[in-house]
Amino acid sequence: MNDQKKKVVIVGGGITGLSAAFYMQKTAREQNLPVEVILIEATNRLGGKIQTVRRDGFVIERGPDSFLIRKKSMEIFAKDLGIDGELVRNATGQAHILVNGRLQPIPAGSVMGIPTKMGPFLKSDLFSLAGKLRAAGDIVLPRSGIDEDQSLGHFFRRRFGGEIVENLIEPLLSGVYAGDIDHMSLQSTYPQFYQVEKKHRSLILGMKKTTPKQVPQKDGHGASKQGAFHSFRNGLESIVEAAEQQLEPDTVKKGIRIDTITKRGNQTVLELNNGETVIADAVIVATGHMAASQLFASHGLLEGLKEIQTTSVATVALAFPRDAVIQDKEGTGFLVSRSSDYSITACTWVHRKWPTTTPEGKILLRAFVGRIGEEAIVDLPDDEIERIVLQDLGKILTINDKPDFTVITRFKNDRPQYRVGHRQRVDAARAELQKEFPNVKLAGASYDGVGLPDCINQGKAAVEEVLGELFTN
């Protein structure tokens, strides 16, 4: 093996790039590989969308607030960083859907909106009798026979009819992408439903068979305490801080952009905006797809990535004294059906869902605004967004006082939309790079999953691919 160090440049310091840098160095140490890692981040901080505000005893997330426990890579990352002892699980409680101005409980036994227990579904006021009968038709409907990609809306309306889709499935499934269910790709967002239909025909019967039986721990009131999500006691930014501390010295270059990227033999030449030139043996581009497309525009590459649309969203965290807000409903928050005349798309009662975030005697609410086709609100001034959110919340909760403070965060043109044909667009982009820049890999939320564990999986996969190519000759 050539002992000269191979230089790997990682572009973008969000969770994908950060985990890639960490695991590249970890693997190199463990396998005694001669690798030098440089992480280039255009802003002055790492973590991307992960941003935690710690203020007056509150722990407030500007971006994502948690990750699914069943997707193991984030928990493994925490363990590898030695901070898994700081993990906290969400408190469970009744979630609601806001329909026709009323908060309706999500029926027990709903798995991503699909009923696996008929009793709670039939008793629910979310649907009319006709809507319930149409949804029950899933039990006898044949398989669709469609093999190519299709929209979630088309897939679920065929199986359940419009009412259950509008009032339950759409709010549950579209939220994480802030997307339009009638354009979202089944193949790239929730392929498991396609597989269930293929194997079991009926989604209701299939989900009933395949959903693991849970044995929840109970508190003194008989309520389940076992949530499906993890965060960190001091906020998600804990993992960013721990990872940055454990990267080797001089790994990270912040506040620096790449001006041009060219090829020189088997290497890639990066001209940075500080006048530096970096010659890399491999590059992992862990930015959003638009930044990746711009990086290769002069080569006429990755034009197809521009077809991946984005949307703008904002989060609005409001801190109150406990007696300022009266909540009649038990639970941890609600989602808003598109048919409802509200600007907010969802609200988490953070003090209930994540008790460690909120000081004694206080309440923390976190509302969301903006989704595909409804983005104008994100551009409004802070005080106007706050007014609209408080007006909406005031129709649902009794609010007797102004918030102690508000934290508003905008993510402009930031949420990638996995529309029908997404997989093919991403595959085509990777094939282009493989042909022209074989040492450059794409990874991140624009491609193979937007959740934090999905991003870490992509970072680790890119590391494995790069090291395999560099050291298997």
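**Side-chain contacts in the predicted model**

F155 is buried, at a relative accessible area of 2%; buried stands for under 20% relative accessible area, exposed for over 50%, and partly exposed for the range in between (1.4 Å probe, protein chains only). The structure is a predicted model, in which local features need pLDDT of at least 70 and side-chain atom pairs count only at pLDDT 80 or more, while totals for chains, interfaces and linings use all residues. Residues are numbered from 1 along each chain as its sequence is written, and side-chain values use heavy atoms, with hydrogens and water left out.

Aromatic contacts come next. A search of the whole structure gives 14 aromatic pairs. Rings of Phe, Tyr and Trp (its six-membered ring) pair if their centres lie within 6.5 Å; planes under 30 degrees apart are stacked, over 60 edge-to-face, and the rest tilted. F155 pairs with F156: the ring centres are 5.1 Å apart and the planes stand at 80°, so the arrangement is edge-to-face. F156 is also buried, with 0% relative accessibility. Y177 and Y418 form a tilted pair, with 5.4 Å centre to centre and 50° between the planes. This pair links distant parts of the chain, 241 residues apart. Y177 lies in the loop between α6 (162–174) and α7 (186–189), and Y418 in the loop between β23 (405–416) and α14 (422–436). Helices (H or I, at least four residues) and strands (E, at least two) are DSSP runs, numbered from the N terminus. Both Y177 and Y418 are buried. Ring pairs join F155, F156, F160, Y177, Y190, F193 and Y418 into a cluster.

Two charged side chains sit over rings. The criterion is NZ of Lys or CZ of Arg within 6 Å of the ring centre and within 35 degrees of the ring normal. R55 lies over the face of F405, 3.8 Å from the ring centre. The charged end of K263 is placed over the ring of F437, at 5.8 Å from its centre.

Salt bridges number 29 in the structure. Each is a side-chain nitrogen of Lys or Arg within 4 Å of a carboxyl oxygen of Asp or Glu. E237 and R45 meet in one of them, at 3.6 Å from N to O. The two residues are 192 positions apart in the chain, with E237 in helix α10 (residues 237–246) and R45 in the loop between β2 (35–41) and β3 (52–55). E237 is buried at 14% relative accessible area, whereas R45 is partly exposed at 26%.

A salt bridge also joins E197 and R158, whose closest N and O atoms are 3.6 Å apart. Here helix α8 (residues 191–200) supplies E197 and helix α5 (residues 152–160) supplies R158, 39 residues apart. E197 is buried, with 3% relative accessibility; R158 is partly exposed, with 26%. D138, R158, R159 and E197 are linked in a salt-bridge network.

K441 and E469 form a salt bridge with an N to O distance of 3.0 Å. K441 belongs to strand β24 (residues 440–442) and E469 to helix α15 (residues 452–471), 28 residues apart. K441 is buried at 5% relative accessible area, and E469 is partly exposed at 36%.

On the surface, I139, V140 and L205 form a nonpolar patch. Their accessible area together is about 240 Å². L205 is located in helix α9 (residues 203–210). Its relative accessible area is 34%, which means partly exposed. Patches are made of residues with over 30% relative accessible area and no salt bridge; like charges are joined within 9 Å, and nonpolar side chains (Val, Leu, Ile, Met, Phe, Trp, Tyr) within 5 Å. Accessible areas come from the Shrake-Rupley method with a 1.4 Å probe, and for residues only the protein chains shown count as cover.
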